[in-house]
Amino acid sequence: MSPLRFTAIASAAALLAACGGSDDPGRGELLEPAATVATLTAAQIDAATAQSGLQAVSGAAKCDVKVVALNYATIGAEGEDGANASGVMLVPAGSDPACSGAAPLVAYARGTNALKTRTLANPQDSETFSLIAFFASQGYAVVATDYLGYAKSTYTYHPYLDAASEGSSVIDSVRAAANAASAVGARLSGKVMFTGYSQGGHSSMAAQRAAEDQDTLKDFSVVGGAHLAGPYNLGEALALPTPTAGAQLFLPFIVTAWQHAYGNIYGKASDAFQAPYADAIENWFPSTDVASLYANLRLDLPAASALGLIFQPAFLEGVRAKGSNALYQAGVKNSFLGWTPKAPVLLCGGKGDPVVPPSLHQDVLMADFTARGVQNVTSVDVDAQVQAAFAPGGVAPTDPTTAEFATYYGNYHSPHEPMFCYAAARQLFDSVK
C-alpha cells in the first residue's frame, strides 16, 4: 500500500471521527475475546528449564502461567485507525504470594522474524517460553505483541524498525492487556515496564519514549525499561562500509518497509535493487515461506557478497555517503540519540554480538546519555557470561576459519545472549516493581 493511500485513509478516518461517524474501535480494544490457549504449571516450567539448562539463569518457577491469545486494535504507520495486531498475555497464578497479588506488567517486544504467520501466543515458541521462565513464572504479568503485519494482523506489510509504529503497537498491547485482565483472571498493579530483544530492544525503547513523552498510558505508571541488544543508532549502522552479520536479511527488510511507510527511499525498485530482486522484493516481507526467502537472500553467503548481488552499487554508495541520503536520514530519524528517559533504563548486550554490535549501538547510546548528564541509565555487558557458558573452554574462539568460530558466533545473538539480558532485565524490574 502506498503512502498516498495511507494519507487518504487517515484523512477519511479523521473526517468520520469529526462528524461522529467513525466505527473504528479504540486503541487497545479487544477485537475478539481473549482466549486461553494453555496453562503451564510451575512443575512443568521447571521440568523444561531444567532439561534445557535455562533454569541455572532463570531460576525455579514460583507460579503457574496462563497463556492467553489477544487480538487488539491499534494504529498504522501513518497513524491511521483501523489497524490490528495480535499477541500474547501471560498471567501468573498459584498459591505463592508472588503469584496471587496484583502483578506489575512487563510489556515485551520480540526480535526480528520473517515468518508472517508466527504468533507469540504459543507456549512452544522459544521466545514466549523465555518470557514464561524469566518473568511470568516469577509473578509478572506479561504482554507481547506480534506487531503489525504478522499473525492475525491484516495490515498489508510490517513497518520494520519504524519507531513510531513499533511504539504504538507495544503501547496498545498494554491497553489490550488491561482490557483482557478481568476476563482472564489477572490483577494488574498499574506499574508497567518495557523490554524487548534485538528488534524488540528498538521497539521497547520506542514504546517507553512515546509513553513518557506523550503520557499516553493514563492507567499505568512507567517504572522502568530494559532494552536488550537493540539497534539504537540506525543511521550510522546503515552507513557502515562493512555490513554486520545477517545484513542481507535486515537491510532489504528495512529498505522495503521504509519505502512503504515513507515513500521516499527510492524512486522505483530498480533504483535500489538489481534484477531479479527489483521485480518482487517489495512484497517479500514478512513471508509465509522463509526457506525460500532465505535462499533468495543468499544467507549462505557473507553479508557483503549477498548485498552486492541484491542492491544496486550506487544505492549502497549513496547511503554510505550519509548527508541528505533518504535512507540514511530515515535511519537517523529512527535512532535514539538525544532521548532522555524519565524512568530507570537498563541497556544490555554482549560485546561479541556480530549482529547488533554494542560498539555501534549500546555503547554509543550510553556515551550520549553520559555526555548529557543522564543519570538513570545503566549499561551491562554479558559477554563474560556468554563465553563462560558457550565458548569452547570458556574462551571465545578467534580463528574465523574453524567450525567452532562459526558455531559460537552464529549462535551468539540468538539463542545464547538473550537469557543473560533477560536476567539483567528482571533484576532491574525487581527493584522497581
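A pocket is an open set of points on a 1 Å grid over the protein atoms alone, with protein on both sides within 12 Å along at least five of seven lines; lining residues have an atom within 4 Å of a point. The model is predicted: local features need pLDDT of at least 70, side-chain atom pairs count only at pLDDT 80 or more, and totals for chains, interfaces and linings use all residues. Residues are numbered from 1 along each chain as its sequence is written, and side-chain values use heavy atoms, without hydrogens and water.

**Exercise 1. Describe the largest pocket and its lining.**

Step 1. Take the volume, the space filled by probe spheres set on the grid points, which are joined across faces, edges and corners. The largest pocket has about 1,200 Å³.

Step 2. Find the centre. Of 45 lining residues, Ser 126, His 413, Ser 414, Pro 415 and Pro 418 lie nearest to it.

Step 3. Assign helices (DSSP runs of H or I, at least four residues, numbered from the N terminus). α18 gives the most to this lining, eight residues. Other helices that each supply at least two include α2 (42–52) and α5.

Step 4. Sort by type. Ala, Val, Leu, Ile, Met, Phe, Trp, Tyr, Cys and Pro count as nonpolar, Asp, Glu, Lys and Arg as charged, the others, Gly among them, as polar. The lining has 27 nonpolar, 16 polar and two charged residues.

**Exercise 2. Examine how α5 is covered and what happens at its start.**

Step 1. Apply the cut-off: buried means under 20% relative accessible area (1.4 Å probe, protein chains only). Eight of the nine residues in α5 (126–134) are buried. Among them are Glu 127, Phe 129 and Phe 134.

Step 2. Look at the start of α5. A side-chain oxygen of Asp 125 comes within 2.9 Å of the backbone nitrogen of Glu 127.

Conventions:
Buried means under 20% relative accessible area, exposed over 50%, partly exposed in between (1.4 Å probe, protein chains only). A polar contact is a pair of N or O atoms within 3.5 Å; within protein, one must be able to donate a hydrogen and the other to accept it, and residues adjacent in sequence count only if both atoms are side-chain atoms. On a 1 Å grid over the protein atoms alone, a cavity is a set of points where a 1.4 Å probe fits but cannot get out, and a pocket is an open set with protein on both sides within 12 Å along at least five of seven lines; lining residues have an atom within 4 Å of a point.
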